[in-house]
Amino acid sequence: MPKFVYDFTEGNRDQKDLLGGKGANLAEMTNLGLPVPPGFTITTEACQAYLASGSAPAELSEQVTEKLAWLEGQFGKQLGQADDPLLVSVRSGAKFSMPGMMETVLNIGLNDSSVAGLAKQSSNDRFAWDSYRRLLQMFGKTVLHIDGEHFEDAIDAAKKAKGTTADLDLDAEDLRGLVDTFKAIILRETGKEFPQDPRAQLDAAVEAVFNSWNAPRAILYRRQERIPADLGTAVNVQSMVFGNLGMDSGTGVCFTRDPGSGAQGLYGDYLSNAQGEDVVAGIRNTLPLQDLEKLDKPSFDRLLEIMTQLENHYRDLCDIEFTIERGKLWMLQTRVGKRTAGAAFRIATQLVDQGLIDLDEALQRVTGDQLTQLMFPKFDTSGKPQQITKGMNASPGAAVGKVVFSSDDAVAWAERGEAVILVRRETNPDDLSGMIAAAGILTSRGGKTSHAAVVARGMGKTCVCGAEELDVDTRAKTIQAPGGITIREGDVVSIDGSSGAVYLGEVPVQPSPVVQYFEGQLAAEDGDDLVKAVHRLITHADATRTLKVRTNADTPEDSARARRMGAEGIGLCRTEHMFLGDRAQHVEKLILANSDAERKAALDALEPLQKQDFLEIFEAMDGLPVTVRLIDPPLHEFLPNLTDLAVKVAVAEAKGEDPGHDRELLAAVNRLHEANPMLGLRGVRLGVVIPGLFGMQVRAIAEAAAERKKAGGDPLPEIMIPLVGAVQELELMREESENILTSVAAETGVDLSFIPIGTMIELPRAAVTAGQIAEAADFFSFGTNDLTQTTWGFSRDDVEAAFFTQYLEKGIFGVSPFESLDREGVGRLVSIASTEGRGTKPDLKLGVCGEHGGDPESIHFFHGVGLNYVSCSPFRVPVARLEAGRAAG
Ligand code: PEP
Ligand code: MG
């Protein structure tokens, strides 16, 4: 017979799968000998069985009966016993805490007769009736799904009748009246009486917890977070202790150290004569934990002892809920506590210094996402700026600018050189150009998956969304903020995308000391304890990781910056910018060329310019590999816009003027125009179709390398061919490139045979024929941006604005596949290509240079697949170093 019920002495903290997080920790505390009110946990397996069959398994009822009898034996009284009732709480407790799940019902066991017993035992009528009214209210709301407003309205009416606004002014008689009202509400709303049978109450509450596993919000959350739907939740049934029995009772929460800063000390809140929900509801002001020392020194001292014991036992910051009942301390819950990013780093290294954990474990206690948070600039709020509201922290950063209310205004103002904050009720795809132009985005509606939030995160732009207290009127161009403040177009606001705060006026922005450290402007020993902690952990990550970290950079400045940040080479040097600006004229000539001679002349003009670019980049990255990708985008990107040009020609012709060169250009632009340019003439196809184009770039690379060598440098270029789908494409380009390397070597007298030639894997066909492609490749670099685009058939430039909001809201994915690698689909192709590529060439070097190379989750995947390196933007290099270390640890 399956064991569905465990009392707290039977479990431990490692049993979160079976007992849920809360139950496992209650068992752990019980077995540590801490004062935990006795109780039992109904397992997740019972929940699974219930959800599968629609009713509680027969064994469950028997086992609950048995454990309940055991519990009753502990106290010498029965659940709901009329003259002296045992009361219990019922709480959900899944492995992961989940929004939308049913939380708690207290005081189960009270009914019309046991309320009198409780009153007699506690010598406190008010307490007893208040407890009964709380049961009815919680049971009504969470078990019977009655709208909570019905109960709250009734409380308000009772207070009004009494001429008060404070709950505490309601006396036993008033509360008895409320009990009647609440029972009437339950009957009216459900057609049934509130169950008087204590066991029926208990069973209904347990089933309600089971059912809440499939509440819509819980389902959505699981789908987004990829939590398996079949885990189920556990249910904790625990004997009640009361913090609301008088002034010698109370309840509180505390942390073993400051979750904000990580500092050791006393952190917590206490409320006398109250139950836990009162603390959460903020009905009365809590006292700082220190004050408990004066109120009840023995309990205070015992609590401090327990805090130390728990921290040493869990070897981490714990958060704790406790209750004092008539001078006796009880522990109701503990768990490893949440903390800020800075606290995470500080605490991890403090615990190492205390000898509680080693550096390997410390590295697992921090994340790349936390490090990212520490790398954003922050507002310096020491001047106490005026915070007007707080919205959702949708995309981190600190942005200051003048308020504008339309996308067009954002673009126009930004063109004048003004920093602007685009303020909308919510954004839509039409706002895209304004979002790009703005320094930050502020909306009054929508959550973290709203259009504004999704698109801003995709662009790395600061965004606060859902600031509901702001009344945004885009026609009148005003915002009404709390406190009667009116903000008009052109007024300056400051928005903090990391906290959601919105300030009036300009708040000074402070650079991140962590970035200063990574940039080499601040030595670790001169930094504060946060910088020191980051230094220790990143150093350990570097010593641990097997993945190398390179950067995506295409200028000497970015290369140098990334190198300071710890990049071990360039994994992707895009060359498209080498065709822009003044150089576009040569591209035009190349496209318009009517003869080999004209084409050659255009390429000859471009070659020395590109060579100079490479010289500077190779110098900045001296001694480190630089993967240069030959030109990838469709050529029309370097030509004038088709519509603009057509209008220009038409206007000239209408005026009877000769459009001259423009007519020829228009014909070329028309010829190159494609309906789906991302699937068109780009990447290796350009190399195949336009003679000499790739060759020119290879020559520029080769000559730059030879020149650096002669100057005593150590250039390590790697030539990379983009968008290959078939080995034949690569063979052609390889042959052309090798010939050029050979001739440049002969011309310069420098051996260039060390320069490898490889390819990007960015098409599904390339991935599934990687075994063949590897025959012609010295290395692969996964272009997971294009690979995601082509695997899903999503246009990477359009989808975030077009429909990702709905996809996220409906839980089709929890995060954009362009942000974090889709392991099952795109990841599978990466894994197939890695295995088959290495099947052909066991030493084939493998890297990734799509955006995923800087994404923490994806880095763990790439480590697992056995890539040699990840390559990411300079700013993400430290994050990648840290995560690569964690992945290897
Ligand atoms: C990619 O496709 O992942 C890649 C790095 O190339 P790009 O983003 O330049 O297309
Ligand atoms: Mg690409």
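1. Two strands pair if DSSP finds at least two bridges between them.

2. A quick word on the model, which is predicted: local features need pLDDT of at least 70, side-chain atom pairs count only at pLDDT 80 or more, and totals for chains, interfaces and linings use all residues. Residues are numbered from 1 along each chain as its sequence is written, while chains are lettered from A and ligands numbered from 1 in the order in which they are written.

3. Now the overall layout. The chain splits into domain 1 (5-239), domain 2 (250-336), domain 3 (377-510) and domain 4 (545-630 + 687-888), with bounds from an automatic or database domain assignment. Between the C-alpha centres of domain 2 and domain 4 there are 55 Å.

4. Have a look at residues 419-500, which an unreviewed UniProt entry annotates as "domain: PEP-utilising enzyme mobile". UniProt positions are given in the numbering used here, feature names are shortened, and annotations may be inferred rather than shown by experiment. This span is 18% helix and 35% strand, and its end C-alpha atoms are 19 Å apart.

5. On one side, five bridges tie S21 to S14 (residues 398-404), running antiparallel, and Val400 has Ser494 as its bridge partner. Four of the five residues in S21 are buried (20 or more other C-beta atoms within 10 Å of their own, with C-beta atoms placed from the backbone).

6. S21 also pairs antiparallel with S22 (residues 501-504), through three bridges; here Ile495 partners Val502. Which residue in this hairpin takes a positive phi? That's Gly500, near 90°, and the hairpin has four residues between its strands.

Notes
Helix = DSSP H or I, 4+ residues; strand = E, 2+ residues; numbered from the N terminus. Buried ≥ 20, exposed ≤ 12 C-beta atoms within 10 Å, placed from the backbone.
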